[in-house]
Amino acid sequence: MPIIGIDLGTTNSLAAYFTSDGPKIIPNSLGEALTPSVVSVGEDGTIYVGRIAKERLLTCPENTASVFKRSMGSEKTFTLGDRVFSAEELSSFIIKKLKEDAENFLGEEISEAVISTPAYFNDTQRKATKAAGELAGFRVERIISEPTAAAIAFGLHTSRDISKCLVFDLGGGTFDVSILEFSDKVMEVRAVAGDNYLGGEDFTGVLMEMFMQEHGISPETLTLRDFVMLNKNAEDAKLELSARKKATMSWTFDGQARSLEVTAEVFEERCKTLIARLKAPIIRAVNDAGVRLADVDSIIFVGGATKMPLIQSFVSRLFKRFPVFGINPDEAVALGAAVQAAMKERKEDIRELILTDVCPFTLGTAVSVQQNNGFFRSGIFQPIIERNTVIPASREERFYTMAPNQTSVKVEILQGESWRAKDNVLLGEIDIPVPAGPAGQETVDVRYTYDVNGILEVNVKVTSSGESKRMIIEKNPGAVTPEQIEQRIEELASLKLHPRDKDKNRYLLEKGERYYQTTTGFIRMRIAEELNNFEAALDGQHSKEIEEAAERLRSLFEDAENEQNNGE
Ligand code: ADP
Ligand code: MG
């Protein structure tokens, strides 16, 4: 039974499997590689995933969710109609869909997956990703960082003698930079850095802002429906600007048809602040890896947003060379995850590849330190595992009691780069009793172990009594126990994914609904007519009639598209 690789993206998700011919992408029920990471709930409780849900984002935004990966492992909930979901649950629907599509394509049951996360995802977010896979019915023993996966796919793909490469991954919502070193069959991740709040969506946001400014629309006046429509317009214009020198956004707001022409030049100018933010993670990764920009042999582009010419010119200016387009930026991560899956299964063709990864953040605790004036100051961050340490890593530090007759020691488990403990992320806390005595008499040994999946375990041991405790993450909002997963699987069992064999037809109906809502006049009437015919044909179950009606609908969609592009 093969293990598949899954790239669970903010915008698009995809799955791949390993063949004797290398990793291959698994097409979904619509025959496409990318499944948009969008989930929608129908009136009868049916769960729609992917393109169908993406259409419904425009026609029923109240029942549809997107961009939830940013909230993985947080307490944020999403209300879809009368149901409430966490980001893990929504992600589990995406994974379930990929699982069904893969099982259908490969003709067998698949029970295990390797899932990728941004390198910069923290402990909680990685655990949440694992939980999402388990909610979808997979065993998930291995989580892989996205840029590492992309580099594996690239490393396998290239026959040239590349030693240091930089993976530049700009997706929908996240930016990741990794520096990797290849030598023969060893691949070493040297450093990673990134920004969890920077991605293609932010560039779409710039176009939305430009449009609103031009027409004096204040963002607060937009309803959810207005927002999704304007967002779609901006997204289309952004894609257009990757292919042409200018694009036109046209949108009817407040009963008035409005438009805005944007040139590539003006767009680039307006994106300056966003582009500037790309630089810091690059510099940090390069410094942490102990290399210079000039030492980087090749730059691998990953993620849909790297297709923007303004990103390409920024990178070329910074590195004074062009990125490598050896591998499809949309598919690299899933392909690499499939290779990792094969490595886990110890597939013959792949056995020799050795891979080392690093921990993306500094992990430490809070301590009190004596100042020059003799007083102690608390809340100072003490690193235990420094960022970009090769993993698996295990480090131990000894700490002393502070006060006389102190009866317990509290170990705060922190992640981050600030010297002030409170500015770092609190992952958990361990309280352990110690025998009372003079200050400094009792000691505790704190051991941090960071495994290959990027998951942290903390052990605290009192030296004198030998009593020890392992981390129980109480304050970790996203942490889910196996029991909770079992319970949630049961709760979610009543919700059914839309049957995949009916996806193609459902997609046409939802798309028809969207065109009906966004057009007027004659074409709108024709769409209604053909939607009606199509539904009747579906009820009648005559495949020839269904196909004919579908064809008429598709050609109407084309007309509608042309009409909209002509600016009305
Ligand atoms: P993620 O990994 O976050 O799911 P992807 O790698 O699929 O994201 O990239 C999605 C982002 O790439 C979106 O913001 C999308 O608008 C953008 N994108 C995709 N194709 C293009 C293109 N041709 N030009 C500009 N942006 C693009
Ligand atoms: Mg991605």
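**Entry: helix H1**

I began with helix H1, residues 51–59, in this predicted model. I found that 7 of its 9 residues are buried, so the rest of the structure largely encloses this helix. For this entry, buried means under 20% relative accessible area.

Which residues of H1 are buried? I listed Ile52, Ala53, Glu55, Arg56, Leu57, Leu58 and Thr59.

Next I looked up what covers them. The cover includes three strands, S5 (38–41), S6 (47–49) and S7 (64–66). It also includes helix H6 (224–243) and helix H12 (503–518).

**Entry: the whole chain**

Of its 568 residues, 53% count as buried.

Why do I call the chain's radius of gyration that of a compact globule? With 568 residues, such a globule would have a value near 24 Å, and the chain has 26 Å, which agrees. I also noted that the C-alpha trace spans about 90 × 55 × 50 Å along its principal axes.

For contacts with a separation of 6 or more, I noted that 67% come from residues 24 or more positions apart.

**Entry: domains**

I wrote down the division of the chain: domain 1 (4–198 + 274–358), domain 2 (363–473) and domain 3 (519–565). The C-alpha centres of domain 2 and domain 3 lie 65 Å apart.

**Entry: surface and charge**

The chain exposes about 25,700 Å², and carbon and sulfur atoms supply 47% of that. I noted 66 positive and 87 negative side chains, with the centres of the two sets 4 Å apart.

Notes:
Residues numbered from 1 in each chain as written. Chains lettered and ligands numbered in written order. Predicted model: local features only at pLDDT ≥ 70, side-chain atom pairs only at ≥ 80, totals over all residues. Heavy atoms only, no water. Rg over C-alpha atoms; globule rule 2.2 N^0.38 Å. Buried < 20%, exposed > 50% of the residue type's maximum accessible area, 1.4 Å probe, protein only. Contact = heavy atoms within 4.5 Å. Areas by Shrake-Rupley, 256 points an atom, 1.4 Å probe, with all protein chains shown as cover. Lys, Arg positive; Asp, Glu negative; His and termini not counted. Charge placed at Lys NZ, Arg CZ, Asp CG, Glu CD. Domains from an automatic or database assignment. Helix = DSSP H or I, 4+ residues; strand = E, 2+ residues; numbered from the N terminus.
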